[in-house]
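Subject: Structure handover

Hello,

Here is the structure I promised to pass on. Please open it first, then read my notes below.

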Protein chains: 2
Amino acid sequence: MNITLDQISAAHERIKPFIHRTPVLTSESINKISGATLFLKCENFQKTGSFKIRGGMNAVLSLSTEELKQGIATHSSGNHAQAIAFAARQVGKKAYIVMPATSPKVKVDAVKNYGAEITFCEPKQKILESTLKDIIQRTGAAFVHPYDNYQVITGQATCAKELIEDVPGLDAIITPVGGGGLLSGSALSKHYLLPPAFIYAGEPEGAADAILSFRSGQVERAAFINTIADGLLTTLSDKTVAIIRQYVKDIFLVTEQEITSALRLIYERMKIIVEPSSAVSLAVVLKHRNLFAGKRIGIILTGGNVDVSNSDKWFKD
Amino acid sequence: MNITLDQISAAHERIKPFIHRTPVLTSESINKISGATLFLKCENFQKTGSFKIRGGMNAVLSLSTEELKQGIATHSSGNHAQAIAFAARQVGKKAYIVMPATSPKVKVDAVKNYGAEITFCEPKQKILESTLKDIIQRTGAAFVHPYDNYQVITGQATCAKELIEDVPGLDAIITPVGGGGLLSGSALSKHYLLPPAFIYAGEPEGAADAILSFRSGQVERAAFINTIADGLLTTLSDKTVAIIRQYVKDIFLVTEQEITSALRLIYERMKIIVEPSSAVSLAVVLKHRNLFAGKRIGIILTGGNVDVSNSDKWFKD
């Protein structure tokens, strides 16, 4: 592991002109329900609507002029696509984004609005990758992987860094885990800046791969995929699994009902819009009361890009 | 009109321990779309989920020990019910709330959670009033009207007061208008604290009574009621129509589609949950670009109490 605190601090300075220092909100009523004192870092209010801009922006700004010359390319159905499209525009370069043809219109529109060129393909990992490969060969664009990239991980680390700076005396930080970019970055910031605290992750039972990788040390696949937390479907990577194994205290699974209940609390009590993936950490706190009650817990709400004309279905009984 | 600046300031001090000083948010992307610089006062984050606690709390705290002795009573299907239930609990008194039997479960539950006694009746104004009258006769509880009450209006004035204190140099303030408590309170604060600015109101075409009263000087009824802005269905009162006629610059009507578009912008760009009524002011800004472009506009987002399992319908095409 070769990401230092100096590198995280340098990344933070590098991306600061392009990101918001997002607010940390509290909720008396959710504190009462959970028994813990929660500090919710609102990356749903971040530029592009999610924390992904931190890693994407840092990666793009870290490329050399030569590497940047032909633009930037990636594949993503979600927030990383918006992050790279936004970052490319900031440096005046073209973004090539491969998206599954099934991507929600609202996400496609956002990527288009940032001026990126979108190529649609079948929603299969192999086809996404081969389509991207073709584009890179044709254009010479630089590839920025959504999480298996140290510059991306370093950028994501700035989120927990801000949370630790803004809220003294946290006992623990919890993030959701998908590909592990946010979790490994957060784990590194916690390691350097708040050694006595613990870092935990939440993962849906319906995308339970990180918990397997955490135990085996290898990139594992989920037994099945069935979750509304659509930002958490990917597996870990070699880079993220190594950092997570070293620095993360534990990973907890939560059910779909636990995610939905936590999501409803955030909507109803905090009056803010977050993606279902964001509710996973709160679901962990509510599930493991014995571990978290009475403690000061930092929670990263990862993003807020939802299709509002279709989000009620999460709450139907 | 007998509400002074000193009375507004005294009300503010009186209710401060019980309310939040809500944040004022901005949105680069909504500024770009509107051409104006908007400052959105987020009463959706207020205690009880709406500005109504300001007036309700001030009215309850202004009652004498003798008046308070037998508790407090009101009728409301909405935010005033929660405000009075909350305020009564703060002073250790019982609240009696008459609600239409058709009230959404989420609102009924909130009122119950504050410990109020609810009486359900047919959703007709006359029956609500006669049911309330019976309760008052039986219990001796003090009636706090949702807006035809100077203490309530004075309490609502504190919202624009905070906005004016927190954002220098506003050119205009816009609020929605239902019964006119918020609008008349805001108009008074603007009159005393920001004389060069203008105050406007937005009203749904599907509940267009205030615009008639504004012209005639009498309490008028809407020709028809058909709007998603369910906080704005009531007529003005003698007290509010007088203040509004004197201090408000103009009232603008907006269509259902204009309300929905503005609501969608708030949800998608700001990632916050507000009631449809809250979107009416933004709809006014978007409709009257010639009047507001280039200006610094304060907008009061009135509340955030929505049934999240049923809110997608607003956005269906």
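Lys271(B) counts as buried, because 25 C-beta neighbours lie inside 10 Å. The cut-off for buried is 20 or more. Please keep in mind that this is a predicted model. Lys271(B) sits in the loop between helix 12 and helix 13 of chain B. Its phi is positive, about 60°, although Lys271(B) is not a glycine.

Lys271(A) is found in the loop between helix 12 (256–270) and helix 13 (280–287) of chain A. Phi of Lys271(A) is near 60°, again a positive value in a residue other than glycine. Lys271(A) counts as buried, with 25 C-beta neighbours inside 10 Å.

Ser278(B) is in the loop between helix 12 (256–270) and helix 13 (280–287) of chain B. Is Ser278(B) buried or exposed? Ser278(B) counts as buried, because it has 31 C-beta neighbours inside 10 Å. Leaving out residues up to four places away in sequence, Ser278(B) touches Asn44(B), Leu301(B), Thr302(B) and Gly303(B). Glu43(B) is 235 residues away from Ser278(B) along the chain, yet their C-alpha atoms are separated by 9.2 Å.

**The two chains**

How are the chains related? The same surface serves both copies: 100% of the contact residues of chain B recur in chain A.

The contact takes 17 residues from chain B and 17 residues from chain A. On the side of chain B that touches chain A, 6 residues are nonpolar, 6 are polar and 5 are charged.

**The sheet**

Look at chain B for the strand order. An open sheet of 6 strands runs 1-2-10-7-8-9, with mixed pairing. Strand 1 (24–25) and strand 9 (250–254) of chain B stand at the edges. Each has a single partner strand, so one side of each is left without a neighbour in the sheet. Strand 9 of chain B pairs with strand 8 (residues 198–204) of chain B in the parallel sense, over 5 bridges. In that pairing, Gly202(B) stands opposite Phe252(B) in strand 9 of chain B.

Now turn to strand 7 (residues 172–176) of chain A. How many of its residues are buried? The count is 5 of 5. Both faces are covered: Ala172(A), Ile174(A) and Pro176(A) are buried on one side, and Ile173(A) and Thr175(A) on the other. In a regular strand the side chains alternate between the two faces of the sheet.

Strand 7 of chain A runs parallel to strand 8 (residues 198–204) of chain A, and 5 bridges join them. Pro176(A) stands opposite Gly202(A) in strand 8 of chain A. Strand 7 of chain A also pairs with strand 10 (residues 296–301) of chain A, in the parallel sense over 3 bridges. There, Ile173(A) has Gly298(A) as its bridge partner. Together with helix 9 (residues 181–193) of chain A, strand 7 and strand 8 of chain A make a right-handed β-α-β unit.

**Two domains in chain A**

Chain A is divided into domain 1 (5–50 + 149–315) and domain 2 (53–143). Their C-alpha centres lie 24 Å apart. The contact takes 24 residues from domain 1 of chain A and 18 residues from domain 2 of chain A. On the domain 1 side, helix 1 (5–15) and helix 8 (150–166) of chain A are the elements that give two or more residues. Helix 8 of chain A gives the largest share, 8 residues. By class, that side has 7 nonpolar, 14 polar and 3 charged residues.

**Helix 3**

One last stop is helix 3 (residues 52–62) of chain A. It is largely enclosed by the rest of the structure, because 10 of its 11 residues are buried. Among them are Arg54(A), Met57(A), Asn58(A) and Val60(A). What covers the buried residues includes helix 1, strand 3 (72–75), helix 5 (79–90), helix 8 and helix 9 of chain A.

Best wishes

Methods:
Residues are numbered from 1 along each chain as its sequence is written. Chains are lettered from A and ligands numbered from 1 in the order in which they are written. This is a predicted model: local features need pLDDT of at least 70, side-chain atom pairs count only at pLDDT 80 or more; totals for chains, interfaces and linings use all residues. Two residues are in contact if their C-beta atoms, placed from the backbone, lie within 7 Å. Ala, Val, Leu, Ile, Met, Phe, Trp, Tyr, Cys and Pro count as nonpolar, Asp, Glu, Lys and Arg as charged, and the others, Gly among them, as polar. A residue is buried if 20 or more other C-beta atoms lie within 10 Å of its own, exposed if 12 or fewer, and partly exposed in between; C-beta atoms are placed from the backbone. Helices (H or I, at least four residues) and strands (E, at least two) are DSSP runs, numbered from the N terminus. Two strands pair if DSSP finds at least two bridges between them. A crossover is right-handed if, with the strands pointing away from the viewer, the path from the first strand over the helix to the second runs clockwise. Domain bounds come from an automatic or database domain assignment.
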